[in-house]
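Dear colleague,

I am passing the structure on to you with this message. My notes on it follow below, and I would be glad if you read them with the coordinates open.

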Amino acid sequence: MTKVPWTWQTAAMVDAVPGPIPHLCVADGAAAIDFYRQAFAAQELARHPAEDGRRVLHAVLGLQGGIFYLCDHFPEFESGNAPPGAASPVTIHINVDDVDAVFARAIATGATALLPPMDAFWGDRYAKLHDPFGHVWSLAHPLSRAGG
């Protein structure tokens, strides 16, 4: 498993986040990191493998100036996380430069379409998808920008 070290730059980035940081629990942390890198151009900032050498204990990914955490599900720790694949009531929203391009890339990488790109009444190009790890994402850009 890849190990991306925790550095003072990573720590400074985490400390600079002014609001909540989403923490995603998944069934295959390494595959999820690869998906988010390919589908959404996320940057892997840090990864700490679990002692078993298979699972991701903690990872930090950068996405459009923000960050999110990611870990594999650890039922032995009774951490309170829902099992991977369980329905999540949360949608993670990102503003992108081109909804159609990001949506197509995510679908090609393994996501499932929930709402194909459409021109929404509020003035955005908008889409929703379900990633292969159980999380729902919405994408938007103003209709005055690329793709719409």
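Leaving aside residues up to four places away in sequence, Ala30 touches Arg47 and Val56, where contact means heavy atoms within 4.5 Å. Please bear in mind that this is a predicted model, in which local features need pLDDT of at least 70 and side-chain atom pairs count only at pLDDT 80 or more, while totals for chains, interfaces and linings use all residues. Residues are numbered from 1 along each chain as its sequence is written, and side-chain values use heavy atoms, with hydrogens and water left out.

Ala30 lies in helix H2; helices (H or I, at least four residues) and strands (E, at least two) are DSSP runs numbered from the N terminus. With a relative accessible area of 23%, Ala30 is partly exposed, that is, between buried (under 20%) and exposed (over 50%), as computed with a 1.4 Å probe on protein chains only. Ala30 and Ala59, 29 residues apart in sequence, are 9.4 Å apart in space from C-alpha to C-alpha.

H2 itself covers residues 29-40, and its 12 residues reach 16 Å from the first C-alpha to the last, close to the 16 Å expected at 1.5 Å a residue, the expected span being 1.5 Å times one less than the number of residues. The buried residues of H2 are Gly29, Ala32, Ile33, Phe35, Tyr36, Ala39 and Phe40. Seen down the axis of H2, these buried residues fall within an arc of 160 degrees, so they line one face of the helix; the arc is taken from the directions from the helix axis to the C-beta atoms. An α-helix has 3.6 residues a turn, so residues three or four places apart point the same way. Just after H2, Ala41 takes a positive phi of about 60 degrees.

**The sheet**

An open sheet of mixed pairing is formed by 4 strands in the order S5-S8-S7-S6, two strands being paired if DSSP finds at least two bridges between them. Strands S5 (91-95) and S6 (112-119) stand at the edges, each with a single partner strand, so one side of each is left without a neighbour in the sheet. S7 and S8 (residues 136-142) pair in the antiparallel sense over 7 bridges, and Leu129 stands opposite Trp137 in S8.

Arg125, found in strand S7 (residues 124-130), is buried, with a relative accessible area of 14%.
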